[in-house]
Structures are given as structure tokens and as C-alpha cells.
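Me: I would like to go through this model with you, strand by strand. Could you begin with a pair of facing residues?

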Amino acid sequence: MNQKNSLGLNLCFKEEENPIVLFREWFDEAKKSEINGANAFALGTVDKNGHTSVRIILLKDFNNEGFVFYTNLNSDKSKAIKESSNISMCFHWKNLLRQVRIVGTASQVSDKEADDYFSSRSYGSKIGAWASDQSSILDKREDLYDSIKKYETKFPDQNNVPRPNHWSGWRLKPIEIEFWLDAENRIHERLKYIRRKNNWEKVLLSP
């Protein structure tokens, strides 16, 4: 029989009072088992018409302040976030049989953070950030290739490509984080952390 923690959950849930610490431990495990996508998550937003949308994107940083991803500020996801900062994330690590759901509010990262991350990207990705008018209608794919060539000509120095003003990052500051573990007969184990001002409360959820 598997050992349990003080809450009656599998020991993988640890005894952490800070969910960010637990997320880091689970994330480190996921990087070993989910070789191609430990940092991939589903981002949920709602637009000005109340329509919800979900897409898979990549987590680039996280700490006690929140979870960070980068994108075009004119993309559909960014437009939705500007209308409603209430967003959600869901990580599913199939090989670990684990899931993490995060709910919170989004705010734009600082220019320095965006500049630092942008400078770490490959040359092709930097050019792509300039060339692609993300989420807009594309008449033909050749137009995108022409735009890429234009910016390659404009920024030939691979070590000196500035960050476009329309490209930055969003940080989700969590108010709820749920950790989920698959179990037999769908009697899954679920632990939710709820932010109460500056503290986190832990509650068990029925599967």
C-alpha cells in the first residue's frame, strides 16, 4: 500500500504550505518524464463577448510572484487578457498521471523582463516575432515568408535584434492552485490551495 501524508494523500503531495514549492517539485519530475512538453499548458481566456478560448502555450518562468509566458500583445489571447485579466492554466503530465490547474489574474511583465527573455531566444524566433502579425488573417503563406525576409534584411546581426514593442509577457498571479493525481476507479486525489490575503489555505476536493 502506498504511504500517505498527513492529509491522507499520496506522498507526492508532500507537506508543503506553499503551492509554488510543490509545483516546482512536480515540474522537476515532469521534466524527466515529459521530455517534449513539461512546460506546455492550456491557457484559458474569455473575450469581450464572453466567449471562452483555450490554446496550448509554454511556461517560461515561475516563482512566488506567478507564472510567466510570452506572446504577441496583438494576438487574440492578449486582446482577451486586456478585456479580462481573469485567466487559467492547466498542466497535464500524462506519464506522471498528474495535473495542475491554476486560476488567477494576469498582468504584463516589466520591459526588462521581456527584454531579458527576448535576448535569450534564437535568431529565427526573434525575427518571427517581428514578421508575424499573430492571429491576423493571412492571405497566403508566401506573404509571411516575404515578411521574414524583410526583417532578416533589416536585422542582419543575429546578436542585435531588438524586442518589438508589440511583444512581451504576461504573469498569472495565482489565487487558486489545484494538484490532481490519477487513481484507480477514478477516485482521484485532489488538493487545492486557496490564497487568503498573504497566506495559502489547503483543502481536499472530492474526485
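Predicted model: local features only at pLDDT ≥ 70, side-chain atom pairs only at ≥ 80, totals over all residues.

Me: How many bridges join β1 to β5, and in which sense do they run?

Reply: The two strands run antiparallel, and 3 bridges join β1 to β5, which spans residues 86-93.

Me: And β1 with β2, how many bridges there?

Reply: β1 and β2 pair over 7 bridges, in the antiparallel sense. Within that pairing, Ala42 has Ile56 of β2 as its bridge partner.

Me: Is β1 mostly covered or mostly open?

Reply: β1 is mostly covered, with 5 of its 7 residues buried.

Me: What lies in the turn between β1 and β2?

Reply: The two strands form a hairpin with 5 residues between them, and Gly50 in the turn has a positive phi of about 85°. The loop that holds Gly50 runs between β1 (40-46) and β2 (52-58).

Me: Is Gly50 buried, exposed or in between?

Reply: Gly50 counts as partly exposed because its relative accessibility is 45%. In space, Gly50 and Ser84 are 9.6 Å apart, C-alpha to C-alpha, while in sequence they are 34 residues apart.

Me: Changing topic: how many disulfides are there?

Reply: The count is 0 disulfides. Cys12 takes part in none, and the nearest cysteine sulfur, that of Cys90, is 16 Å away.

Me: Now β8. Why is it described as largely enclosed?

Reply: Of the 8 residues of β8 (residues 189-196), 6 are buried, so the strand is largely enclosed by the rest of the structure.

Me: Which strands pair with β8?

Reply: β7 (residues 167-181) runs antiparallel to β8 and is joined to it by 6 bridges. In that pair, Ile177 stands opposite Tyr193 of β8. β9 (residues 199-205) also pairs with β8 in the antiparallel sense, over 7 bridges. There, Leu191 stands opposite Leu204 of β9.

Me: What about the hairpin of β8 and β9?

Reply: That hairpin has 2 residues between the strands, and Lys197 takes a positive phi near 60° in it.

Definitions and conventions. Residues numbered from 1 in each chain as written. Heavy atoms only, no water. Disulfide = S-S within 2.5 Å. Buried < 20%, exposed > 50% of the residue type's maximum accessible area, 1.4 Å probe, protein only. Helix = DSSP H or I, 4+ residues; strand = E, 2+ residues; numbered from the N terminus. Pairing = 2+ DSSP bridges.
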